[in-house]
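Below is a short briefing on a protein structure. Look over the sequence and the model first, then read the points by topic.

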Amino acid sequence: MSHHPGALAFLSRELAKIIRPVPPMPFRDWLGSNIVLVDGPKKGEFWSPEDAPYLLEIADCLSIENPCNYVTVRKAQQTGVSILGLSWSLYLADEAPDNILYAVPGIDALQDMNSGKLQPLIDNWQRKTGKRIIDPPTNKTGTGSTTYEKKFAGGSLFLGNTNSKMDMSGKTSRYGVKDEVSKWELLKTGEDPETLFFGRFTAFRRTKSFKIFELSTPEIDTGDELGEEPGHCRVDRSFIRSDQRFWNIRCPECSFEQAQFFQNFKINEAHPHKSTYVCEACGHEITETERVLAVRKGRFVATKSGPDRHPGFHVDAFASLMMSYGDIADDQIKSRSLGEAGEKDFFNLVLALPYAMKGNAPDYQRLMERREDYPRGVIPAEGLIVSAGADVQHNGIFLEVVAFAEDRQTWTVEAEFFPGATDDPGRGAWVLLDAFVSQPLTDAYGQKRKIEALAVDSGDGGRANQVYEWCRRGPDRYAIKGLGGRGVPAIGQASKKSVTRKGKRKRFGSVMVWPVGTWSLKSELYGNMHKPGLAAGEPCDPPGYCHFAMWLGEEYFKQMTAEYFDQRLVRGRMIEEWKPLRRDNHFLDCRIYAMAMAEHLGMSRLRPEQWAALRARLIPSSAPDLFENVVKAIPTSEKSEVGPFNTVKASGRPPRRDKFKRRKAQ
Ligand SMILES: [Zn+2]
């Protein structure tokens, strides 16, 4: 049988036209014919890229036919990127249905997002286009959509709360949206929601047929260049790994193409709306009118290249036509009166940059600069209370000894790391700690003194039993457990804990464990560390002033400033918490526990006459004593209280520092 050689080809081509599925519409085209704005001045109209031209290239990366697996947007507020995330979910449901996980940090934010944005978007979309893609809410048979699961033919759109392990580790998904990813926090179990989230894409990872869209205003900058340190802003970390695209505009004067950065922004303080942007090539001051035209004609320029770099977009207020130079200037001026919280918001929400906290975590270098020349291991004259805190790690024990004055000034008397194993309280680092605490300290008058209370953290690092056992051996050793949260007292009521030995459940004794409220102590310490004193040219060292010695090294100061106090408004409510800036914060913990012990010894409780009695006790009569006249007897009822009245008599033992090899806490 013979046939024309082209006939078969013709036939199959025609057949293919009929059976070949319609290729999915590109996302940018879909947007303009499906998304109806639900608020703002253009409410009811179809979405248009007019005020946000940069959204089109982001949309192209999100489009089905684009092979990339990740798209990151580090964004400011008022940039229209959020609506892109929601719209993308509906586009997928319409054009390439499969399971979609849309993750939002916190149940409140999730509810807001659903009722305030997503549901109205779905309703307007289906009403205006006549499409029936999303199943209506649950009917009597229970097969329809629910609040947190929008069903459609071929899949579901799940709305997940990132604080919920169940939400983050459920069904397999092909598409994902990580909304406000910088606000995702570790779960109570210590697990990272980003890891759990990614686990849901396992099935599609081998074929690389998944797509994840991350979008967020940034949060905290740890100063880590690669952003890998814990506590670093999550969206910034992803952006750093991306090809880092910035929206470039051309100067109307010299045509030089550039991205806009805050340092070239010229704020007109008297007339913020007249603020301009200085072209980095010719110095021309770009006005708002010129900017609008330039931004519309702008384009993204990638600043990094490499095979592993995914598309990452920086979208700040300078690129957004929903913001003007005047708005940016206004926000900047306003933020100044709000202190560091205002500055952080301006960075995060306007400049779309992570913010390195400096106010509440004092700069460690500034602290180092004001070190004083006083000897190690010696209690200063005003040090009336001496306590210590220890932080137990697997490879050793950190210890700080602190002297406190009546006006709450403090001196670091010792800061030490005892290296060695800590799994047996009779060996390793514990022996070094034993040797240390058994030796008296010396005060400014050459008298022997001892640490009146030593707190050892039992709540960290799986060493609770060893801490309990070691603390049972001495009356001035306190097993403590740190508790976060505002309003938790510095030192609370101790509770009895049984001690098990060598992993056996069998009880062989018990120990009192003291809860330490770290919140207020950290606030006090950080407040005090900011206070300028004599070293900064002040006439005196103020109450609470923190004295640090020359022998303390950089690592000590880095650890002391390893946390910051985070404040932000969430749904009109101020959220405040302590967060890590650096991984190692052991000396900070030691100091907090030493402060808790000082509270236990009466720091806030002693009355002036008791302080005077203490002073009389500790300062030898041969030394000039200006306080002689105010010394009064302490009522006997007070004597039963724990107090710093237990000085050690001078002994003939050699100074403790020769007894064991010390590793300098550098
Ligand atoms: Zn120019």
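This is a predicted model: local features need pLDDT of at least 70, side-chain atom pairs count only at pLDDT 80 or more; totals for chains, interfaces and linings use all residues.

Helix α16 runs over residues 518-529. At 1.5 Å a residue its 12 residues should span 16 Å, and its end C-alpha atoms are 16 Å apart, which agrees.

**Helix α16**

- The buried residues of α16 are Thr518, Trp519, Leu521, Lys522, Leu525, Tyr526 and Met529.
- Viewed down the axis of α16, these buried residues fall within an arc of 165 degrees, so they line one face of the helix.
- An α-helix has 3.6 residues a turn, so residues three or four places apart point the same way.

**Helix α3**

- In α3, which covers residues 55-62, the residues Leu55, Ile58, Ala59, Cys61 and Leu62 are buried.
- The buried residues of α3 fall within an arc of 160 degrees when seen down its axis, so they line one face of the helix.
- Which elements cover these buried residues? Among them are the helices α2 (27-34) and α4 (81-95), along with the strands β1 (70-75), β6 (211-216) and β13 (312-315).
- Leu62 is in contact with Phe27, Val71, Trp88 and Phe213, leaving aside its neighbours within four places in sequence.

**Helix α5**

- Helix α5 takes in residues 107-129, 23 residues in all.
- From its first C-alpha to its last, α5 reaches 31 Å, close to the 33 Å expected at 1.5 Å a residue.
- At Asn114, α5 bends by about 40 degrees.
- Leu110, Leu118, Leu121 and Ile122 are the buried residues of α5.
- The cover over the buried residues of α5 includes α4, β2 (100-104) and β4 (155-161).

- Is strand β16 (residues 396-404) enclosed or open, and why? Of its 9 residues, 9 are buried, so β16 is largely enclosed by the rest of the structure.
- Gly396, Phe398, Glu400, Val402 and Phe404 point one way from β16, and all are buried.
- Ile397, Leu399, Val401 and Ala403 point the other way from β16, and these are buried as well.
- Strand β15 (residues 385-393) pairs with β16 in the antiparallel sense over 9 bridges, and a hairpin of 2 residues joins β15 to β16.
- The bridge partner of Ile385 in β16 is Phe404.
- Strand β17 (residues 410-419) also pairs with β16 in the antiparallel sense, over 9 bridges.
- Within that pairing, Ile397 stands opposite Phe418 in β17.
- The hairpin of β16 and β17 has 5 residues between the strands, and Arg408 in this hairpin takes a positive phi near 70 degrees.

**A sheet of 3 strands**

- Strands in the order β14-β18-β19 make an open sheet with mixed pairing.
- Which strands stand at the edges of this sheet? They are β14 (378-379) and β19 (448-449), each with a single partner strand, so one side of each is left without a neighbour in the sheet.
- Strand β18 (residues 441-443) pairs with β19 in the antiparallel sense over 2 bridges, and Leu441 stands opposite Arg449 in β19.

**The loop residue Thr303**

- Thr303 lies in the loop between β12 (299-302) and β13.
- A residue counts as buried with 20 or more C-beta neighbours within 10 Å and as exposed with 12 or fewer. Thr303 has 14 inside 10 Å, so it counts as partly exposed.
- Thr303 touches Gln244 and Phe246, not counting residues up to four places away in sequence.
- Ser242 and Thr303 are 61 residues apart in sequence, while their C-alpha atoms are 9.4 Å apart in space.

**The protein as a whole**

- The protein has 20 helices and 27 strands.
- Of its 666 residues, 40% are buried.
- Among contacts with a separation of 6 or more, 68% are between residues 24 or more positions apart.
- The largest nonpolar core has 79 residues, and those touching the most other members are Tyr54, Ile58, Leu62, Trp88, Tyr102 and Val315.
- Helix α4 gives the most to this core, with 8 residues.
- A second, separate core has 78 residues, including Val402, Ala405, Phe557 and Met603.

Terms used:
Residues are numbered from 1 along each chain as its sequence is written. Helices (H or I, at least four residues) and strands (E, at least two) are DSSP runs, numbered from the N terminus. The arc is that of the directions from the helix axis to the C-beta atoms. Two residues are in contact if their C-beta atoms, placed from the backbone, lie within 7 Å. Two strands pair if DSSP finds at least two bridges between them. The expected span of a helix is 1.5 Å times one less than its number of residues. The bend at a residue is the angle between axes fitted to the seven residues ending there and the seven starting there. A nonpolar core is a set of buried Ala, Val, Leu, Ile, Met, Phe, Trp, Tyr and Cys residues joined through C-beta atoms within 7 Å.
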